[in-house]
Amino acid sequence: MPDETTEPRERYHHGDLQRALIEAAEAILIERGVEGFTLREAARRAGVSAAAPAHHFGSAAGLLTEVALLGFETLTRFLRDGAAEGGTDPVARLHGQGRGYVRFARAHPARFLLMFRKDRLNWEDGRLRAAGQAAFAELEDVVRAYRGIAAGGPLDRAALTTVLACWSVVHGFAHLALDGKFDALGGAQEADAILPEMLAGLWPGPG
């Protein structure tokens with residue numbers, strides 16, 4: 001018979017335990033937000049000892065950083081998919097990427113709301129910085145094409161302004177949507193219908 005005193009964490013392989021803790025952390029963030037997150041609760045949900053999260057991630061910031069890292073990697077995929085919807089047209093690619101950003105926030109709200117929390121993440125982790133830069137590079141590349149700048153070329157002031165404006169608009173839109181601020185205007189479906197019109201108005205095509 002199995003030893004009833006065996007600690008729960010022994011059921012996991014190393015990588016499986018890390019994934020279980022990351023999934024538990026994200027579930028807590030969805031239910032309670034980052035302010036309600038604790039390592040002890042993550043351990044309880046994963047079915048492991050209270051010491052297990054600290055052993056694998058060092059601290060609450062270490063575990064939350066893993067969730068944020070996953071968030072930036074997912075965001076990069078959503079940005080690429082959104083741009084791909086526009087085919088080869090630079091304007092359509094820019095608009096598609098904006099829609100992709102908002103879709104990411106709605107599909108993964110816990111990751112989205114955590115990813116930019118400077119106070120709760122370990123930004124000294126080179127992996128997190130690299131993942132954030134990779135997502136930002138997706139937007140830069142699309143703006144280069146929109147502004148007629150060669151791939152990989154330096155951004156001029158106008159292009160940088162476009163990058164920051166695009167990011168600010170869709171980031172703010174996503175936050176308002178997640179906060180339910182559009183409910184009185186017809187809810188998520190109406191907001192989804194307005195977003196393409198808004199992007200087209202702010203960044204129109206030629207003619």
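**Entry 1: after H8**

I am working from a predicted model, in which local features need pLDDT of at least 70, side-chain atom pairs count only at pLDDT 80 or more, and totals for chains, interfaces and linings use all residues. Residues are numbered from 1 along each chain as its sequence is written, and side-chain values use heavy atoms, with hydrogens and water left out.

**Entry 2: H8 itself**

I looked up H8 next: residues 157-178, 22 residues in the helix. From first C-alpha to last it reaches 32 Å, close to the expected 32 Å; that expectation is 1.5 Å times one less than the number of residues. Helices here are DSSP runs of H or I with at least four residues, strands are E runs of at least two, and both are numbered from the N terminus.

Which residues of H8 are buried? I found Ala159, Thr162, Val163, Cys166, Val170, His171, Phe173, Ala174 and Ala177. They lie on the same side of H8 because they cover an arc of only 160° around the axis, the arc being that of the directions from the helix axis to the C-beta atoms. On the other side of H8, I noted Arg157 and Ser168 as exposed. Buried means under 20% relative accessible area, exposed over 50%, and partly exposed in between (1.4 Å probe, protein chains only).

**Entry 3: H2**

I went back to helix H2, residues 39-46, and listed its buried residues as Leu39, Glu41, Ala42, Ala43 and Ala46. Gly47 follows H2 with a positive phi near 75°.

**Entry 4: H4 against H5**

How do H4 and H5 pack? Helix H4 (residues 60-85) and helix H5 (residues 90-107) have axes 7 Å apart, at an angle of about 145°. Axes are lines fitted to C-alpha atoms, for helices over the stretch in contact, and angles run from 0 to 180 degrees between N-to-C directions. The contact (heavy atoms within 4.5 Å) includes Gly71, Leu75 and Phe78 from H4 and Gly96, Tyr101 and Phe104 from H5. I sorted the contact residues into eight nonpolar, six polar and four charged. Nonpolar covers Ala, Val, Leu, Ile, Met, Phe, Trp, Tyr, Cys and Pro; charged covers Asp, Glu, Lys and Arg; the others, Gly among them, are polar.

**Entry 5: the whole chain**

Stepping back, I counted nine helices and zero strands in the protein chain. The C-alpha trace spans about 75 × 40 × 30 Å along its principal axes. Of the 207 residues, 42% are buried. Among contacts with a separation of 6 or more, 66% join residues 24 or more positions apart.
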